[in-house]
Structures are given as structure tokens and as C-alpha cells.
Amino acid sequence: MDEHPLARPAPPLRPYVSSYAGYRQAGVPPGRHRGLPSPRLTLIFTLDEPLTLAGHPDPGQAPGTYGTLIGGLHTSPALITHQGRQSGIQVGLHPLGTRALLGLPAGELASIDLPADAVLGRQGTDLGDRLRTARSWPERFALLDAYLLRCLSREPRGLGAGPVPEVVRAWRLLVRSRGTAPVATLAEDVGWSTRHLTARFRQETGLTPKTAARVIRFDRARRLLGDAARSDSPPLLADLAVRCGYFDQAHLAREFRSLAGCPPSQWLAEEFRNVQAPGDAIEEC
């Protein structure tokens, strides 16, 4: 069994939630998955087996198992292991939408993993139970829509209606530039000093603008690399580096090691066991 259904959230949720990704695997070899840095927070509801984390982005967190999990933005991988079975739903949360959905800024969750009920409370626990008893993926996605729409309808819990406009604009400029906009340019655009923007941006999202730019570039690069691997045509790293705003192939390879904890070739081998890169397509510096 190897199921990976995807769904978009209801239209009112799309400014806050990027996607729903279901997964159910059984009868596959035991393995390890890297939860890589991305510009989205992660909310996971398991369906059968608990989620086993052998390592967190924060090395100070002890390994553990989770029925539900929420993780903030981070700059190093989470290491997830399984014994041949795993199932659940992963929800991608935009960092500027966490106040509206969770009642707290994304910065409070930076680099940590928590049981989701520590943030969602009893209603989140009930949602997890209902997702586990649902009979189909569309039914599960509809349950998520209903729950998150109720979250949107709540009054803000003493934290203001949302992030300040300057941080919102800076984030959107970073995303629009695909992580290539300099911090000085962002600060000039929003009318703040780079120091003030960095402090307020990190308070809201958990990352500085410079680090968020790195994560956004990396997320695009690894997605393009993964898409190419699925199509049996991995690109040259030099070409991918240029496309994603890196100085050169060596810069991309260094960033991959820093943010993924391994070189691109190892990540491909772990994530796509049946994919063999032809020739020197992923030659690394």
C-alpha cells in the first residue's frame, strides 16, 4: 500500500493553509525520512501508528513518539523513522496565518516540535479522533476544512488581529522574489531599519529575514530536484543553482548540507529509493 492524496483547503483558508497531504504506506522497507526546513509550519495528525522522531531540529529535544505534532519553522531536519508502516495527514500552515488559526505567532513555535493538543487543546484531540475514524481521504479533508474554518471564526486571543503590515509585506516580498530579495531592500520598502525589521520579523515568524530567504530558496531547490527525480531526469546541480538564485553549484551543495543535513545525492537516495541519477547529474562540490 502506498497512498499519497493531496488536497487544497477551502478557499477562505488558502491565505493561511497551503495544502493537505495524506499518506498511508504499508509493506514497505523500514526507513528514515527527513522533515526538511520549509517556509511553512507543519501540523500532523497520525491515523494508525504514531510518528517516531529520532531527532528534532532542536538537538536539545529528546526523541519521542507523537499521535499529533505541530512544528515551527526550522533550519535543520527532523529525522522521522518507521518500521514499514506509516499513515497520517500533514497540513502546511503559512507562518503569518498562525495567529488567526492557532492564537499565537509562529515565532513561539520556532525550531520546536510539540504534541498538537498542547496548542489546539481538546478540540484538536477530538479532531484527531474523528480523522482516524473517517472512511475516506475526502471525508478527512472535509473535517480539516470544517475545523480550521471554525478556528478562523474565533476572536483573537489577546494578540491582535494579525502580524503588523510591515512584517506581512516583507514576508510577501521575500516569497515573491523566491528568497533572493536582500534584507536592506526589504527594510527600505517597509520603512524600517534592517535591525528593527530583523527583530520584528523573527518575533513573528521564528526566523530572521536572511534565514527565511535561505529556507525559501532551499525549499524551491529541493522541490525541483524531487520533481525531476520523479520524472527520471535529475538536473545538473549547476543549472538548478542558477535557477534558484545561488551563486554556483558549490553554494547550493553547501546549503543543502547545512539545511538538509546531507548532500543532495544522499537525500535523493533516501527519499526516492528507486531513482538512480544518471551520470554526473547530481555531482557535488
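How many bridges join strand S6 to strand S7, and how do the two strands run? Strand S6 (residues 51–55) and strand S7 (residues 64–66) are joined by 3 bridges and run antiparallel. The model is predicted: local features need pLDDT of at least 70, side-chain atom pairs count only at pLDDT 80 or more, and totals for chains, interfaces and linings use all residues. Residues are numbered from 1 along each chain as its sequence is written, and side-chain values use heavy atoms, with hydrogens and water left out.

Helices (H or I, at least four residues) and strands (E, at least two) are DSSP runs, numbered from the N terminus. Two strands pair if DSSP finds at least two bridges between them. An open sheet is formed by 4 strands in the order S4-S9-S6-S7, with antiparallel pairing. Strand S4 (31–35) and S7 are the edge strands, and each pairs on one side only. Neighbouring strands of the sheet are turned by 35° against each other on average, direction ignored. The angles are taken between axes, which are lines fitted to C-alpha atoms, for helices over the stretch in contact; angles run from 0 to 180 degrees between N-to-C directions.

Individual pairings follow. Thr52 has Thr65 of S7 as its bridge partner. S6 is also joined to strand S9 (residues 78–82), by 3 bridges, and these strands run antiparallel. Here Gly55 stands opposite Leu79 of S9. S4 and S9 are joined by 5 bridges and run antiparallel. Arg34 stands opposite Leu79 in S9.

Helix H4 (residues 165–176) has 12 residues. From first C-alpha to last, H4 reaches 16 Å, close to the 16 Å expected at 1.5 Å a residue; the expected span is 1.5 Å times one less than the number of residues. Val167, Val168, Ala170, Trp171, Leu173 and Leu174 of H4 are buried (under 20% relative accessible area, 1.4 Å probe, protein chains only). The cover over these buried residues includes H5, H6 and helix H7 (209–230). Just after H4, Arg178 takes a positive phi of about 60°.

The axes of helix H5 (residues 183–190) and helix H6 (residues 194–205) come within 9 Å and cross at roughly 95°. H5 is therefore roughly perpendicular to H6 (65 to 115 degrees). In this contact (heavy atoms within 4.5 Å), H5 contributes Val183, Ala184, Leu186, Ala187 and Val190, and H6 contributes Thr194, Leu197 and Thr198. These residues divide into 6 nonpolar, 2 polar and no charged. Ala, Val, Leu, Ile, Met, Phe, Trp, Tyr, Cys and Pro count as nonpolar, Asp, Glu, Lys and Arg as charged, and the others, Gly among them, as polar.

Technical notes. Angles under 35 degrees count as roughly parallel, over 145 as roughly antiparallel, 65 to 115 as roughly perpendicular and the rest as oblique. Buried means under 20% relative accessible area, exposed over 50%, partly exposed in between (1.4 Å probe, protein chains only).
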